[in-house]
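Please work through the following exercises with the coordinates open, and try each task before reading its solution.

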Amino acid sequence: PSDQQATGDSWRKVDFNKVYKDIAGLLEDEDYDDGSYGPVFVRLAWHASGTFDTKTKTGGSNGATIRFHPEANHGANAGLDVARKRLEPLKKKYPNISYGDLYTLAGVVAVQELGGPTVRWRPGRSDDKSDQDCTPDGRLPDAAQGADHVRDIFYRMGFNDQEIAALVGAHALGRCHSSRSGFEGPWNASPTTFTNYFYTELLEDKWVPKKWNGPFQYVDKQSGQFMMLPADIAFKTDSQFRKHVEKYAADQDAFFADFSKAFAKLLELGVKFPADAPVYEFKTLE
Ligand code: HEM
Ligand SMILES: Cc1cnc2ccccc2c1N
């Protein structure tokens, strides 16, 4: 990582509209996955932020400790070095941006440029944390588990069932990589377009255990083209989560509005922003 330590007020020297455009320019790459870095940028922003613990006030995107060992090497963060490497040239071009601001902004740009809702975003995270501030393993969810575990993880961050159900809709994007999480797939219709398909596929398709020697996961019986994690299926089998899933499957606008709020909240967990930090609502370029 660059030795530039962006701390305190250095964000005031950054033109974030230019940074937005430059991140958008990094998204498309036909040689990467399904043609876009968008999904892995969303996952980086979420994993950099989702370590927050409301009780101890530790974790969260401030300081971007996800770039340091041991956090970078936690199982859940496998493959995110690919996203950090893709973004590193922008840290050199904008030395006054903090890694925390860069990683969270990249998630916002990805959601918006892949067709999702506008997500409000503030600068002001600083780089003044070190590997001593890394959070312990286990702060992020385990895909092999079910609804109770998912609630433990997200209640710890300060989310309720409705917000958790809205956040998981990001699983319309991207794919699982057996070399990263061990899970594999999907080859679904539109992994680089932000839609409510996670909810519609979850409810409409018949999900059966995948016959393979990898970790237990589901595949859709009809085409075999889609996958779901055990933790994904929990959003169908748990009646409280299912209530919200049905709402979002029926109404993409409702999903977009709730996702926008919950994602913005996720990216700001634990961060003390300067009182005059501007709230950006970037114009989507696409
Ligand atoms: C509900 C708990 C969650 C679990 C158990 C979970 C688990 C996983 C797993 C195992 C993968 C595959 C990683 C890989 O092999 O590359 C994945 C991918 C992904 N997750 Fe989640 N996730 C959860 C919630 C979220 C949330 C809240 C977001 C964002 C708001 C998110 C966004 C993504 C994205 C965009 C991908 C695709 C990444 C890529 O294509 O490289 N997930 N998730
Ligand atoms: C359709 C679907 C379901 N679950 C997922 C979990 C992680 C990543 C992508 C997923 C995905 N596209």
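**Exercise 1.** Identify which protein atom is a donor to the iron atom of ligand 1, and place its residue in the fold.

Solution. The iron atom of ligand 1 has a single protein donor, NE2 of H171, at 2.1 Å, where donors are N, O and S atoms within 2.8 Å of the metal (3.2 Å for Na, K and Ca) and water is not among the atoms, so sites may look incomplete. H171 itself belongs to the loop between helix 6 (161-167) and helix 7 (197-204), helices being DSSP runs of H or I with at least four residues, numbered from the N terminus. The model is predicted, with local features requiring pLDDT of at least 70 and side-chain atom pairs pLDDT 80 or more, while totals for chains, interfaces and linings use all residues. Residues are numbered from 1 along each chain as written, chains are lettered from A and ligands numbered from 1 in written order, and side-chain values use heavy atoms, without hydrogens and water.

**Exercise 2.** Describe the surroundings of G115.

Solution. Start with its position, in the loop between helix 4 (99-113) and helix 5 (147-157). Next, G115 counts as partly exposed because its relative accessibility is 41%, which falls between buried (under 20%) and exposed (over 50%), for a 1.4 Å probe and protein chains only. Finally, beyond neighbours within four places in sequence, G115 contacts F194 and F256, contact meaning heavy atoms within 4.5 Å.

**Exercise 3.** Find the aromatic cluster that contains F194.

Solution. F194, F198, Y199, Y248, F255, F256, F259 and F263 form one aromatic cluster.

Conventions:
Helix = DSSP H or I, 4+ residues; strand = E, 2+ residues; numbered from the N terminus. Phe/Tyr/Trp six-rings, centres within 6.5 Å; stacked < 30°, edge-to-face > 60°.
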